[in-house]
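User: Hi! Could you walk me through some charged pairs in this protein? I'd like to look at the structure together.
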Amino acid sequence: MAEMGSKGVTAGKIASNVQKKLTRAQEKVLQKLGKADETKDEQFEQCVQNFNKQLTEGTRLQKDLRTYLASVKAMHEASKKLNECLQEVYEPDWPGRDEASKIAENNDLLWMDYHQKLVDQALLTMDTYLGQFPDIKSRIAKRGRKLVDYDSARHHYESLQTAKKKDEAKIAKAEEELIKAQKVFEEMNVDLQEELPSLWNSRVGFYVNTFQSIAGLEENFHKEMSKLNQNLNDVLVSLERQHGSNTFTVKAQPSDSAPAKGNKSPSPPPDGSPAATPEIRVNHEPEPAGAATPGAALPKSPSQSSLPAVVVETFSATVNGTVESGSGAGRLDLPPGFMFKVQAQHDYTATDTDELQLKAGDVVLVIPFQNPEEQDEGWLMGVKESDWNQHKELEKCRGVFPENFTERVQ
């Protein structure tokens, strides 16, 4: 008996799968034409609207936060180069050179500390918050398919009961299928009815904690930076006093044979040397109320930066970028109609025979649905690359999977 890849799906199950898709498609057509009633739940539909709004807002906040972090990184680099320029022009015999150098070092440390805390207390928390949406989104789509199955079974049962010639055996079987379909649908429906309102209400506390953390970190950063700027100003004031009697005008350069004039060494400051620059304080003030607990340290980027790889990525790639791909039509090494590849970012456990079982890292070759009417929002049709390379039999290997569990790679 034929098998479907590593899942061991028999030919009978494949036929059952095809029949299920056909039944769903027919049911949707009848409902659109108004020839079959559709089970409606306005309260649940409102919950789904709230869910989609919450997901959109969270995704936008994540994107804008990464843009903010990229800006902080750019300001850090600009500030570092400006301080390097000051150190290069600061002549060795000028007073306060060591203090100016120390201020530059502390300035660099302060920027790094600010950036890292934004990652730990805002970005990682943001990623965790959004991490719960893909699973719930796939379950909402699954519930929709099971609702169609339930309506179809209900209509089939009702038609048998109202037929002129009643077949009791068929009626009994249809009733059994209806009860089974109703049970599957109601189990999924009850769980989502409880989870969606709770998730919706959680957004308030999350937004409060996130923006409190950002505001508190920025406030402390500017306090410490203000102190460093004041220290640098004191050093420069001292330098100006030592050269107060000199006129800093632009003069012609002396010729090679003429001796340079006015090259006097500056006299020492009246009170010795400028006040020592205090060490930068990084964690001396308590974090604001509601600040998120710093997350676990992320692995270093390939450049061995102290910044997490997830942040370095935002500086080298466009957020939510897309990759162009060509059609796979006519290519012998790809399935007919191949559109593009995706890679699973999370494990996905199939809950129906027409679905693909995915592990994080699996590559899937995406192909079009044979009947566009069968495609549910948020779901793609494809075949795992490993299965295709091994069997080259599309009918045995293809299946649907949630798009938001994957990321397009080419």
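User: Are Lys 146 and Asp 352 buried or exposed?
Analyst: Lys 146 and Asp 352 are both buried. Bear in mind that this is a predicted model.

User: What do their side chains do?
Analyst: The side chains of Lys 146 and Asp 352 form a salt bridge, at 3.0 Å from N to O. That pair links distant parts of the chain: Lys 146 is in helix α4, while Asp 352 is in the loop between β1 and β2, 206 residues apart.

User: Which residue meets Arg 145 in a salt bridge?
Analyst: Glu 355, with 2.6 Å between N and O. Arg 145 sits in helix α4 (residues 133-161) and Glu 355 in the loop between β1 (340-344) and β2 (363-367), 210 residues apart. Arg 145 and Glu 355 are buried.

User: And what about Glu 385, which side chain does that one meet?
Analyst: Lys 341, in a salt bridge of 2.8 Å, N to O. Glu 385 belongs to helix α7 (residues 385-391) and Lys 341 to strand β1, so this pair ties together parts 44 residues apart in sequence. Glu 385 counts as partly exposed, at 22% relative accessibility, whereas Lys 341 is buried at 15%.

User: New topic: where does Thr 406 lie?
Analyst: Thr 406 is in strand β5 (residues 406-408), and counts as buried at 12% relative accessibility. A polar atom of its side chain lies 2.8 Å from the backbone oxygen of Glu 403.

Terms used:
Residues are numbered from 1 along each chain as its sequence is written. This is a predicted model: local features need pLDDT of at least 70, side-chain atom pairs count only at pLDDT 80 or more; totals for chains, interfaces and linings use all residues. Side-chain values use heavy atoms; hydrogens and water are left out. Helices (H or I, at least four residues) and strands (E, at least two) are DSSP runs, numbered from the N terminus. Buried means under 20% relative accessible area, exposed over 50%, partly exposed in between (1.4 Å probe, protein chains only). A polar contact is a pair of N or O atoms within 3.5 Å; within protein, one must be able to donate a hydrogen and the other to accept it, and residues adjacent in sequence count only if both atoms are side-chain atoms. A salt bridge is a side-chain nitrogen of Lys or Arg within 4 Å of a carboxyl oxygen of Asp or Glu.
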